[in-house]
Amino acid sequence: GALFEDRRGLIWVGMVNGGVSVVDPTKGYAVVQNYLPGKTVTAIAQDHEGGYWFSTLKDGLYYAAAPFTERHLMLLNGRNAAAQGLVVFQDQLYARMSPATIFRLARGLDGGYEYENISLPVSRAFHSIYADGDFLYFSALDGFYRMDEDHKVTKIAHGWGKYMAFD
């Protein structure tokens, strides 16, 4: 479900019903740890403080503060939600939720986390999300879109878009 290289060069692999495994390239690409067993991990991100964020198919978002330890893992939203992608955009975390919603995760007044729903002009499911420079890009069944920091969405290409790749 997910593949991510952290700042230390470790590779995090999200799996269907297998959690997330940490692979160390300096140890012959051996799996050195596994977290969230039984969960389907769909995306992994690391914030500027070094904390890790995991989206899961049925349980929403998990967070672990830096330095990462298993006891730091906590479920953020406490609701049954399908989180299918994570990106850091403009120094904030955005999550792609099923079926066609983007949430910006923000620190609440009580110190917890709140989800700010970002309205999209997409009426059906969308598939990919990617942040690059000043824009957050996403693909939907009817084309490709970009969103600026003010959440203004512009359609940049027509057609059926399921996945994106950037070089």
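**Strands, sheets and cores of a predicted model**

Q: How many residues of β5 are buried?
A: Six of the six residues in β5 are buried, so this strand is mostly covered. Buried means under 20% relative accessible area, exposed means over 50%, and partly exposed lies in between (1.4 Å probe, protein chains only). Strands (E, at least two residues) and helices (H or I, at least four) are DSSP runs, numbered from the N terminus.

Q: What kind of model is this, and how are the residues numbered?
A: It is a predicted model, in which local features need pLDDT of at least 70 and side-chain atom pairs count only at pLDDT 80 or more, while totals for chains, interfaces and linings use all residues. Residues are numbered from 1 along each chain as its sequence is written, and side-chain values use heavy atoms, with hydrogens and water left out.

Q: How many helices and strands does the chain have?
A: The protein chain has zero helices and 16 strands.

Q: And what share of the chain is buried?
A: Of its 167 residues, 44% count as buried. The accessible surface of the protein chain is about 9,100 Å², and carbon and sulfur atoms hold 49% of that surface. These areas come from the Shrake-Rupley method with a 1.4 Å probe; for residues, only the protein chains shown count as cover.

Q: Back to β5. Which way do β5 and β6 run, and how many bridges join them?
A: β5 and β6 run antiparallel and are joined by five bridges. Two strands pair if DSSP finds at least two bridges between them. One of the bridges links Ala43 with Ser55 in β6.

Q: What about the hairpin of β5 and β6?
A: Five residues lie between the two strands, and Gly50 takes a positive phi near 95° in this hairpin.

Q: Which residues touch the most other members of the largest nonpolar core?
A: They are Trp12, Val20, Ile44, Phe54 and Phe68, in a core of 15 residues. A nonpolar core is a set of buried Ala, Val, Leu, Ile, Met, Phe, Trp, Tyr and Cys residues joined through side-chain atoms within 4.5 Å. β1 (2–5), β3, β5 (41–46), β6 (52–56) and β7 (60–64) each give two or more residues to this core. A second, separate core has 13 residues, among them Val87, Leu120, Leu136 and Phe138. In soluble globular proteins, nonpolar side chains tend to be buried together.

Q: What is Val20 in contact with?
A: Beyond the neighbours within four places in sequence, the contacts of Val20 include Trp12, Tyr35, Val41, Ile44 and Phe54. Contact means heavy atoms within 4.5 Å.

Q: Where is Ser21, and why does it count as buried?
A: Ser21 is in strand β3 (residues 19–24), and it counts as buried because its relative accessibility is 8%. The side chain of Ser21 makes a polar contact with that of Asn34, at 2.9 Å. A polar contact is a pair of N or O atoms within 3.5 Å; within protein, one must be able to donate a hydrogen and the other to accept it, and residues adjacent in sequence count only if both atoms are side-chain atoms.

Q: In what order do β1, β2, β3 and β4 form a sheet?
A: The order is β1-β2-β3-β4, in an open antiparallel sheet. Its edge strands, β1 and β4 (30–35), each pair on one side only. The twist averages 25° from one strand to the next; axes are lines fitted to C-alpha atoms (for helices over the stretch in contact), and angles run from 0 to 180 degrees between N-to-C directions. β1 is joined to strand β2 (residues 11–15) by four bridges, and Leu3 has Val13 as its bridge partner in β2.

Q: Where does Asn17 lie, and is it buried or exposed?
A: Asn17 lies in the loop between β2 and β3, and it is exposed, with a relative accessible area of 54%. Asn17 has a positive phi of about 60°, although it is not a glycine.

Q: Which strands does the sheet with β13 contain?
A: That open sheet has the order β13-β14-β15-β16, with antiparallel pairing. β13 (126–132) and β16 (153–158) are the edge strands, and the twist averages 20° from one strand to the next. β13 pairs with strand β14 (residues 135–140) over six bridges.

Q: And Phe126, buried or exposed?
A: Phe126 lies in strand β13 and counts as buried, at 2% relative accessibility. In β14, Ala140 is the bridge partner of Phe126.
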